[in-house]
Amino acid sequence: LLVSGYVSSLGENIQMLQRGVNELGDVVAISEQVPGVQDAPDAVAAGPVRGEIVFQDVSFGYAGQDARLYDAFSLRIAPGETVALVGPSGSGKSTFVKLLGRFYDVDGGAILIDGRDIASIAQASLRQGVAVVPQDPLLFHRSIADNIAYGRPEADRAAIEAAAARARAHGFIASLPDGYDTLVGERGVKLSGGERQRVAIARAFLADAPILVLDEATSSLDTITEAQVQAAMDELAVGRTTIIIAHRLSSVRSADRILVFDRGRIVEEGRHDALLTRPGGRYRALYELQATG
Ligand code: ADP
């Protein structure tokens, strides 16, 4: 019995070894892959930006899609403007910000930031100019402080705490067992969705990028948390060009302009009040649908 036990554990170990070797092979293959989007040989650092965004006759479709999502799509967003993207799921809102962050290259036309084609800007510098607060932010298995300083690793503790305070995150961080040194993620403390979003907002405050993308959380936060997240986001948007992917129409009332997307096109735009009074309008229909649940 003893011997057969040893033999079977030997078998398991050999299997583990084989799996490890296979996975190592995968890692090597991935590390040798050439990234899909590459810097042009003469890519430049973008430098300080004002935050003007122009989509110029952009066409784009995902590989494997029958029809193009965007066809000759044009739009200008002024520096400092707050724009909310609304529309049914699958209408192309997320793709808009993915293209802006150059996670994909366009098939035709160009996207310009401050008059410069983003395809000619070094990607590292583009990412510094555009801060994203995702819907469901990912935290690393590091301390809270490291997670906030992710976009600016040289930031000192005072700067990190100031950013957290503006993000309405200082209170809950201070109450954690090790405060800012508390480890988070799978092997550390678990934070709620609202807490993770506020860490991501603190990250964006610290990164201080002129262009901000806020992807609203779809899952409902409790009323107090939602009010805190909203207040932090409003403060973060001041003085930056801000694009909000809005899932709840309640948060777009104060936007300078609402863009209603449908199948890769903007079918309506304007301020909340103006759109709401338009008879038979798309925004009005969406709004009434949400209001009635
Ligand atoms: P929204 O944010 O408005 O829900 P998306 O921009 O995510 O819309 O999606 C627009 C369209 O592109 C949808 O039809 C979606 O199925 C498709 N799409 C999104 N991401 C991908 C992808 N990575 N590969 C292929 N198709 C995609």
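**Backbone, rings and ligand**

Tutor: Let's start at Ala72, which lies in strand β2 (residues 70–77). Strands here are DSSP runs of E with at least two residues, helices are runs of H or I with at least four, and both are numbered from the N terminus.

Student: What kind of model is this, and which pLDDT limits apply?

Tutor: It is a predicted model: local features need pLDDT of at least 70, side-chain atom pairs count only at pLDDT 80 or more, and totals for chains, interfaces and linings use all residues. Residues are numbered from 1 along each chain as its sequence is written, and side-chain values use heavy atoms, with hydrogens and water left out.

Student: OK. What is the phi of Ala72?

Tutor: Positive, about 50°, although Ala72 is not a glycine. Ala72 counts as partly exposed because its relative accessibility is 47%. The cut-offs: buried is under 20% relative accessible area, exposed is over 50%, and partly exposed is in between, with a 1.4 Å probe and protein chains only.

Student: Where is Asp57, and what is its phi?

Tutor: Asp57 is found in strand β1. Its phi is also positive, about 45°, and Asp57 is not a glycine. With a relative accessible area of 46%, Asp57 is partly exposed.

Student: Zoom out. How many helices and strands does the chain have?

Tutor: The chain has 10 helices and 10 strands. Its C-alpha atoms fill a box of roughly 80 × 45 × 45 Å along the principal axes. Of its 293 residues, 42% count as buried.

Student: On to rings. How many aromatic pairs are there?

Tutor: The count is 11 aromatic pairs. The rule takes rings of Phe, Tyr and Trp (its six-membered ring) with centres within 6.5 Å; planes under 30 degrees apart are stacked, over 60 edge-to-face, and the rest tilted. Take Phe55 and Phe96: their ring centres are 4.4 Å apart and their planes are at 10°, so the pair is stacked.

Student: Which parts of the chain does that pair link?

Tutor: Distant ones: Phe55 sits in strand β1 (residues 53–60) and Phe96 in helix α2 (residues 93–100), 41 residues apart.

Student: Buried or exposed, those two?

Tutor: Phe55 is at 1% relative accessibility, so Phe55 counts as buried. Phe96 is buried too, with a relative accessible area of 0%.

Student: And what about Tyr70 and Phe73, how are their rings arranged?

Tutor: Their ring centres are 4.7 Å apart and the planes are at 45°, so that pair is tilted. Tyr70 counts as buried at 0% relative accessibility. Phe73 counts as buried at 5%.

Student: Which residues form a cluster with them?

Tutor: One aromatic cluster is formed by Phe55, Tyr70, Phe73, Phe96 and Phe261.

Student: What sits over the ring of Phe103?

Tutor: The charged end of Arg127, 4.5 Å from the ring centre. That label needs NZ of Lys or CZ of Arg within 6 Å of the ring centre and within 35 degrees of the ring normal.

Student: Switching to the ligand. How many residues surround it?

Tutor: The ligand is surrounded by 13 residues, and the closest are Gly90, Gly92, Lys93, Ser94 and Thr95.

Student: Which polar side-chain atom lies 2.4 Å from a ligand oxygen?

Tutor: One belonging to Thr95. On the backbone side, a polar atom of Gly90 is 2.7 Å from an oxygen atom of the ligand. A backbone N or O atom of Ser91 lies 3.1 Å from a ligand oxygen.

Student: How much of the ligand does the protein bury?

Tutor: The protein buries 63% of the 560 Å² that the ligand exposes when taken alone. Those areas come from the Shrake-Rupley method with a 1.4 Å probe; for residues, only the protein chains shown count as cover.

Student: Back to Ser91. Where does it lie?

Tutor: Ser91 is in the loop between β3 (82–86) and α2. Ser91 is buried, with a relative accessible area of 1%.

Notes
A residue is near a molecule or strand if one of its heavy atoms lies within 4 Å of it. A polar contact is a pair of N or O atoms within 3.5 Å; within protein, one must be able to donate a hydrogen and the other to accept it, and residues adjacent in sequence count only if both atoms are side-chain atoms.
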